[in-house]
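Subject: Handover of a two-chain model

Dear colleague,

Please find the structure below, followed by a summary of what was found in it. I would be grateful if you could read the two together.

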Amino acid sequence: MLSLVSRVKKQPYRLKLSYEDLMRHRTIHRAWMLLQRKNREERHKELMAQYQRIKMACDQLEKASPELFARAMDKPRSLRFPLEYKYPTETPPRVAWDYDWKKSTTVQALSKKK
Amino acid sequence: MVLNKSLRPLWSQSKHVTDIIVASRRALATTTASAEATTEESVSAKEEQKFKLMAGVILSRPPIVTPEPTAFEKAYHHYQSELYKRLSWTFPHWFYFPKGSLAENEYKRVQPQLTEDDPNVLLNRKRDEKQEIVFPPRSVQRETEESARIYAKIVPQPRKTEADEKNDITKLDRKLDRTLYLIVKKEGEFSDWQFPAAPIRKGESLEVASERVLLENGGEDMNVFFVSETPALYYKKFYKEDETYNGAKIFYLKSRIFNGMFKPQRGSQITDYAWVTKEEIESFVSPRYWTIIAPALSLH
């Protein structure tokens, strides 16, 4: 059992930092916070720029062709992401990229054939 | 008129956003002023201009591997893990190696024995330091083929692939931590490197046209997912020697590829294609095109 022994016996000593150690720790923490902030702002800026491009494209489409614009603004056909949309991992899979994928071998294509 | 800060949405409360809003308002004001001042001649000239509507695709391969950590990030992660080890509870060996078992004997034999006289030592652990745990090696005597296979150490694949070493830009294996974009070189209209595009046929929507663009240029053996039916980018080009059109207006849609590969089709007039990262695109593409597409692409 994990709790066979009391918590007090398993805990290490409380960490007591000297003044210099404390200053070091704080500097490290502040540097990390600064880096996170910088990354966050960079991502925000990128999203803003992408949004401006989308807005420009939609405005121009509305002016150029109202029918195309209306069809583009419709609700999407399906709100489902494909299964293969994976989150990046620290190391790649054994087969990094499947070059031999063929549409004719998918479930949809095979079921249509029948 | 400036809205009360608390009423404005969160994304507009930062300074650079307000700068963009102010700049765009100023731009609007000048354009409306100039529009009112235009003469009849220029208005009629603008109406005469005809532009071909085209649909294009920004096809990207999402990153397969997490971004490479910087030196500072690595050092910080190491610092945090050392702190965590220093503050961790003593390893509960009685849970993993039952008391009186052979496994427990093996475990105890391998541990560095600390003197119990030291007041800082409890349960064979120095309480003012991180605990170094030594695990006993697996016994080879009762190893079978199956158990060897099950308990074999997992060897992760390298983050850099063969395509990286050869720097083959037609391969999708390359630069696994970055997003790769498809750029294409065609004969005639698209003699510079560009994202693939084609004129929209009658009765087609933007998305249908974009899917057709991919099929005609790259074949059907690509597992592609269109992110949205709304355009992500607008590009206007002017023709110098064309009778019917003054230029073209291209609306690009974004999509992702997960499997398969781009195979240039016979009737597509493609002379060359490449899968490149955002910075690499700059060296392929014309300067004007780059300034227009750069904000629509992602950093990683």
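Contact here means heavy atoms within 4.5 Å. This is a predicted model, in which local features need pLDDT of at least 70 and side-chain atom pairs count only at pLDDT 80 or more, while totals for chains, interfaces and linings use all residues. Residues are numbered from 1 along each chain as its sequence is written, chains are lettered from A and ligands numbered from 1 in the order in which they are written, and side-chain values use heavy atoms, with hydrogens and water left out.

Thr277(B) sits in the loop between β7 (270–276) and α9 (278–284) of chain B; helices (H or I, at least four residues) and strands (E, at least two) are DSSP runs, numbered from the N terminus. Is Thr277(B) buried or exposed? The relative accessibility of Thr277(B) is 1%, so this residue counts as buried. The cut-offs are under 20% relative accessible area for buried, over 50% for exposed, and partly exposed in between (1.4 Å probe, protein chains only).

Contact between the chains

Glu46(A) belongs to helix α2 of chain A and is buried, at a relative accessible area of 16%.

Chain A

Chain A has four helices and zero strands, in the order α-α-α-α along the sequence. Its radius of gyration is 27 Å, whereas a compact globule of 114 residues would have one near 13 Å; the value is taken over C-alpha atoms, and the globule rule is 2.2 Å times the number of residues to the power 0.38. The C-alpha trace of chain A spans about 70 × 45 × 30 Å along its principal axes. Of the 114 residues of chain A, 20% count as buried.

Helix α2 (residues 19–64) and helix α3 (residues 66–73) of chain A pack at an angle of about 135°, with their axes 6 Å apart. Axes are lines fitted to C-alpha atoms, for helices over the stretch in contact, and angles run from 0 to 180 degrees between N-to-C directions. The two helices α2(A) and α3(A) are therefore oblique to each other; angles under 35 degrees count as roughly parallel, over 145 as roughly antiparallel, 65 to 115 as roughly perpendicular and the rest as oblique. On the α2(A) side, Cys58(A), Leu61(A), Glu62(A) and Ala64(A) meet Pro66(A), Leu68(A), Phe69(A), Ala72(A) and Met73(A) of α3(A).

Chain B, overall and backbone

Chain B has 10 helices and seven strands. Of its 300 residues, 39% count as buried. Among the contacts in chain B with a separation of 6 or more, 69% come from residues 24 or more positions apart.

Two residues other than glycine deserve a note on phi. Leu123(B) has a positive phi near 55° and is found in the loop between α5 (102–110) and α6 (145–150); its relative accessibility of 29% counts as partly exposed. Asn167(B) has a positive phi near 55° and lies in the loop between α7 (162–166) and β2 (180–186); at 48% relative accessibility, Asn167(B) counts as partly exposed.

With kind regards
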